[in-house]
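Q: I am new to this structure. Please show me how to read it, one feature at a time.

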There are 2 protein chains.
Amino acid sequence: MRNLCMKVSYDGSRYCGFQTQPKGSTVQDCLEKAIMLLTGEELKILASGRTDAGVHAYGQVFNFLTSSKIPIERWCIALNTRLPEDIIVRDAVEVPLAFHSRHSAKRKTYRYTINANQFPDVFQRKMQYHHSGKLNVPAMAEGLKYLIGTFDFSSFASRHSTKPSHVRTVFDAHIVVDDSMCRPNSRDQGLIHMYITGSGFLQHMVRIIMGTLLEIGEGKKLPKEMPQILEMMDRSKAGPTAVSKGLVLWNVDYGELFENY
Amino acid sequence: MRNLCMKVSYDGSRYCGFQTQPKGSTVQDCLEKAIMLLTGEELKILASGRTDAGVHAYGQVFNFLTSSKIPIERWCIALNTRLPEDIIVRDAVEVPLAFHSRHSAKRKTYRYTINANQFPDVFQRKMQYHHSGKLNVPAMAEGLKYLIGTFDFSSFASRHSTKPSHVRTVFDAHIVVDDSMCRPNSRDQGLIHMYITGSGFLQHMVRIIMGTLLEIGEGKKLPKEMPQILEMMDRSKAGPTAVSKGLVLWNVDYGELFENY
């Protein structure tokens, strides 16, 4: 048996999330079907984690055990020809049998994108949350900084979370503003990308953080309220859950595993 | 009567082109329907030119005569709420009655995008032509330069062109390579954007120029063959018509008309 590990990008718009569900098409279903068409094996893949309905991935990672002898460098193209065009496998490596996409992950990075220009970008509309009102971006960046560290993130977890512990470590979180497409003399504020890297994330955690930052950006909350919200460990103290389409699982870090990012 | 002029972006993927057709949905149909829903007027809009099925626009321009008294600053949002999400009106100005979107245009710019990375970009797949083979980009740029000037572009026009003259002026044409998403140690070549600005363009002209540049990039033609292809005035001497999805009507220039671009 070989243990193969792959990096996959997908546009989550059409899917009921990554993980196989009783109802509706998922990214996992498509990947397992493509592997079956290629090797004849009916197997289950194991991903670094699930993504919700409508959430995208640039660098989701999964692995599976196979008895196929297809050389590793052929897998990406062989699978891509058997996948719909909104799912693209873009790296494949053979890993030790002990490798496990979820347990072996060292850190994960998500990106959330707000389009703060006056009008939505017609070409990016499925991966940006459009917010045309004025946002105080420095205040949002200030609020975000309070989340770097190891905390109980219960205030930022879905009420449906079943995890025994809500303690997670955020290694880095920052905002990058891209104003390259802002029109002169307009009230365009550009694209506001939030990147957040952590040991792991609770259900809806990144989207609730973003929803809270949006309230800070709109002046409904102050940046210095962030530590208080954390301390309360109460979901009702944080902001709403931002819509899924702005969220991308950007990268999963396993140390030296992938030559490319 | 007022003459209103608007700038519109659209994702052309779902449409049979800009201009109303006997069969199939077009961008023009959607815009006229939105105006009808807003004002009750059944009118015809006039655009800077048509775009083919599957071709996109960032800055298409159209105008129309209306007896509506709606203030100019309300039109964008009023129309956008009545338009599908793949069409966005993003500027509106009142113009003299003599203004005509096609006749008054001074120059037009198109952009064609090739993704020359190993794998397609799942998020941009509907607006990039993916070409994974090695391309000689400096040779493509060299070939393109020969097209700047005033020439008979019959070799680069659809055989179905009905225009009395094929003489057009290309003011500028250049290539911009964006390698920001190239993976290290890969054979990714980045995004190759061709921008071309001219007095006007013949049917399929930009796509045939791109198809010819691709042959130059692949080593099937030499850059210095470009002047010969122009001189022959024979469609069969140029390369194939590149696929529509990589093409965007980028901007139409009317001088001082729009404050923003």
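Q: What should I know before starting?
A: This is a predicted model: local features need pLDDT of at least 70, side-chain atom pairs count only at pLDDT 80 or more, and totals for chains, interfaces and linings use all residues. Residues are numbered from 1 along each chain as its sequence is written, chains are lettered from A and ligands numbered from 1 in the order written, and side-chain values use heavy atoms, leaving out hydrogens and water.

Q: How is chain B related to chain A?
A: Two copies of a chain are related by a rotation about an axis and a shift along it. Here a rotation of 180 degrees with 0.0 Å of shift superposes chain B on chain A, at an RMSD of 0.0 Å. The two copies are thus related as by a two-fold rotation axis. In chain B, the C-alpha of B:Gln124 is nearest the axis, 4.1 Å from it.

Q: Through which surface do the copies meet?
A: They meet through the same surface, because 100% of the interface residues of chain B are also interface residues in chain A.

Q: Is A:His131 buried or exposed?
A: Buried means under 20% relative accessible area, exposed over 50%, and partly exposed in between (1.4 Å probe, protein chains only). A:His131 has 9%, so it is buried. A:His131 lies in the loop between β6 (129-130) and α3 (137-145) of chain A. Helices (H or I, at least four residues) and strands (E, at least two) are DSSP runs, numbered from the N terminus.

Q: What does the side chain of A:His131 make a polar contact with?
A: A polar contact is a pair of N or O atoms within 3.5 Å; within protein, one must be able to donate a hydrogen and the other to accept it, and residues adjacent in sequence count only if both atoms are side-chain atoms. The side chain of A:His131 makes one with the side chain of A:Glu218, at 2.7 Å. A polar atom of the A:His131 side chain also lies 3.3 Å from the backbone oxygen of A:Gly133.

Q: Where is B:Met232, and which residues does B:Met232 touch?
A: B:Met232 is in helix α5 (residues 226-232) of chain B. Its relative accessibility is 48%, so B:Met232 counts as partly exposed. Contact means heavy atoms within 4.5 Å. Leaving aside residues up to four places away in sequence, B:Met232 touches B:Ser155 and B:Lys237.

Notes: Copies are superposed by least squares on the C-alpha atoms of residues with pLDDT of at least 70 in both.
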